[in-house]
Amino acid sequence: MTKNPEIDNHLKIQTGEDYINSLRNRDLLIYLMGEKIVDPVEHPMIRPSINAVAETYDLAIREPELASVISPFTGERISRFLHIVHSAADMVLQNKMQRKLGQNTGTCFQRCVGMDAFNSLYSVTFEIDEAHQTSYHVKLKEFLTKMHTHNYVVGGAMTDVKGDRSLAPHQQEDPDLFVRITKRTDEGVYISGAKAHQTGCINSHWMIVMPTMRLGENDKDYAIVGAVPVDAKGITYIYGRQSCDTRSMEGGEIDTGNNTYGGQEAMVIFEDTFIPHDHIFMDGEYDFASLLVERFTTYHRRSYVCKSGVGDVLIGAAAAIVEMNGVEKASHIKDKLVQMTHLNETIYATGIASSYQGHQTKSGCYLCDDMLANVCKHHVTKMPYEIARLAQDLGGGLVATMPSEKDLKHPEIGHLIDKYLKGKSSYTTEERMRVLRLIENMTLGRNAVGYLTESMHGAGSPQAQRIQIGRAMQLEYKKRLAKVLAGIENAGDTVNELSGYFERVFKI
Ligand SMILES: Cc1cc2nc3c(=O)[nH]c(=O)nc-3n(C[C@H](O)[C@H](O)[C@H](O)COP(=O)(O)OP(=O)(O)OC[C@H]3O[C@@H](n4cnc5c(N)ncnc54)[C@H](O)[C@@H]3O)c2cc1C
Ligand code: SF4
């Protein structure tokens with residue numbers, strides 16, 4: 001895949017350090033703030049996002065049962081992020097790993113989009129083959145084997161830039177506003193267009209390109225799913241700015257708030273990028289685009305339990321600052337910490353319940369419960385904002401007005417900062433400043449991208465979940481329950497509603 005032959009042929013990434021080294025000497029065309037980036041690995045604005053992915057490998061070494069599996073394709077131990085789930089327990093373990101990584105990094109560790117893309121494609125390719133006598137499923141398994149062999153990072157590229165949201169892809173004035181096939185040859189297809197907000201794309205080895213919404217017959221050329229190496233010809237990456245991102249270029253380590261870890265999003269532009277047949281898993285089967293989007297979002301919306309791990313860090317920061325301020329015993333303070341925990345565990349509870357209530361698809365791969373996945377993600381569009389509000393309440397105004405690290409370390413005024421920003425005597429001023437900066441980082445700064453805006457829009461904006469919840473809520477059944485108790489219908493009419501969501505609820 002890469003222009004570095006050593007990486008392509010021999011590499012099996014095991015540690016975080018192996019992973020970081022695998023990103024060196026690649027030939028990616030990346031722009032950041034108007035400049036071409038030759039060495040993203042050593043770039044201070046990019047490196048924290050690389051460290052967050054590296055932690056997924058290191059966790060797999062420290063806690064192999066949690067973050068790795070034995071590949072059924074290679075027999076070797078690989079990252080759980082590359083695993084096809086074959087039981088509800090497998091999905092639950094994905095969630096536990098996500099919570100732990102949220103705790104360890106305090107940010108988005110970027111690998112779940114690819115994981116959820118693989119799993120949704122596993123069942124969807126199986127069902128496309130059944131309907132259209134194609135051979136996508138076996139090609140996907142071969143591709144997965146390759147990913148397992150090298151233990152690669154794979155990103156998921158679904159969201160198109162979309163132009164006028166009221167128009168279908170083929171109706172747009174500019175046809176490239178959704179990624180589409182521009183040319184077909186005997187060897188494969190060429191694609192053009194752009195994907196927005198791509199999490200961890202520059203930190204990946206491969207990307208899976210997928211359609212973003214339901215497609216019709218006229219959108220056939222937009223019905224493309226394919227795997228692309230991130231350094232394929234014709235790809236340009238334009239790095240997304242994050243709030244306070246240039247603080248990491250100032251040389252200090254306090255003002256960044258979380259100096260080690262960060263997330264990454266970029267716009268990915270394809271200009272006649274080639275995908276060979278071996279790496280194509282949908283080509284023109286527009287009738288399966290909505291099924292793919294639905295299954296992907298079902299997995300991905302309960303993957304947002306990652307935010308409960310990040311929430312643990314923010315609750316911890318809030319608890320630490322109130323102690324440093326000497327107010328930890330006040331009843332309203334304790335109550336706010338309880339409220340934050342209640343919200344955080346509500347996210348976790350619905351996500352993990354979705355996994356526990358999963359079921360098997362025809363391919364053998366498991367799928368989590370769509371109602372509970374949507375409820376989980378819908379909570380995530382609101383609860384982290386309330387948790388962040390409470391953290392800012394408990395942190396005090398210094399979260400937003402505190403002087404800089406340079407002032408603290410200044411030869412003339414440093415002693416003034418040290419004196420006047422002191423809290424409880426058992427903590428240093430610097431310790432207090434570090435916690436305040438972490439709260440700023442997570443609620444206003446770089447990692448607010450992952451904790452707040454990504455919570456709002458990632459895996460679909462709030463309305464997308466309400467639509468799915470509305471579709472699955474079985475109102476007719478609930479009306480019958482009410483009518484029987486109200487004496488309008490006979491009891492016999494209400495029993496055995498064993499379809500959809502309630503089939504899963506009452507499955508013994
Ligand atoms: C931090 C972050 C990371 C992300 N990572 C990834 C990733 O790795 N891979 C990936 O594929 N995607 C990713 N996404 C994209 C995410 O799925 C989208 O942001 C989401 O689907 C919303 O799309 P949008 O941003 O284009 O907003 P829009 O679609 O413009 O939505 C804005 C508002 O308009 C409403 N709206 C949109 N269309 C319509 C319509 N037709 N009718 C009525 N109302 C409408 C929405 O409900 C919403 O309220 C990420 C997003 C963020 C913010
Ligand atoms: S937002 Fe959460 S689920 Fe999505 S990639 Fe980041 S860590 Fe994973």
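Does Thr429 count as buried or exposed, and what is its relative accessibility? Thr429 counts as buried because its relative accessibility is 1%; buried means under 20% relative accessible area, exposed over 50%, and partly exposed in between, with a 1.4 Å probe and protein chains only. The structure is a predicted model, in which local features need pLDDT of at least 70 and side-chain atom pairs count only at pLDDT 80 or more, while totals for chains, interfaces and linings use all residues. Residues are numbered from 1 along each chain as its sequence is written, chains are lettered from A and ligands numbered from 1 in the order in which they are written, and side-chain values use heavy atoms, with hydrogens and water left out.

Thr429 is found in helix 16; helices (H or I, at least four residues) and strands (E, at least two) are DSSP runs, numbered from the N terminus. Not counting residues up to four places away in sequence, Thr429 touches Leu408, Ile417, Asp418, Leu421 and Lys422, where contact means heavy atoms within 4.5 Å.

Thr15 lies in the loop between helix 1 (5-10) and helix 2 (16-22). With a relative accessible area of 27%, Thr15 is partly exposed. Its contacts, leaving aside neighbours within four places in sequence, are Tyr57, Asp58 and Ile61. From Thr15 to Gly226 there are 211 residues in sequence and 28 Å in space, C-alpha to C-alpha.

Helix 17 comprises residues 448-457, and Ala448, Gly450, Tyr451, Leu452, Glu454 and Ser455 in this helix are buried. These buried residues pack against strand 7 (188-199), strand 11 (265-276), helix 9, helix 11 (370-380), helix 12 (383-395) and helix 16 (429-443). After helix 17 comes Ala459, whose phi is positive, near 60°.

The text now turns to the pockets. On a 1 Å grid over the protein atoms alone, a pocket is an open set of points where a 1.4 Å probe fits, with protein on both sides within 12 Å along at least five of seven lines, and lining residues have an atom within 4 Å of a point. The largest pocket holds about 1,500 Å³ of space, a volume being the space filled by probe spheres set on the points, which are joined across faces, edges and corners. Its lining has 50 residues, and Thr159, His457, Ala459, Gly460 and Ser461 lie nearest its centre. Helix 8 gives the most to this lining, with eight residues. By class, the lining divides into 18 nonpolar, 20 polar and 12 charged residues; Ala, Val, Leu, Ile, Met, Phe, Trp, Tyr, Cys and Pro count as nonpolar, Asp, Glu, Lys and Arg as charged, and the others, Gly among them, as polar.

Ligand 2 takes up the space of the largest pocket, and a molecule sits in a pocket if more than half of its atoms lie within 2 Å of its grid points. Around ligand 2 are Cys108, Phe109, Gln110, Cys112, His300, Ser303, Tyr304, Cys306, Lys307 and Glu454, each with a heavy atom within 4 Å of the ligand. Helix 8 (289-303) and helix 9 (306-324) are the elements that give two or more residues to this shell.

The second largest pocket has a volume of about 240 Å³. Among its lining residues are Tyr356, His359, Glu503 and Arg504. Helix 20 gives the most to this lining, with three residues.
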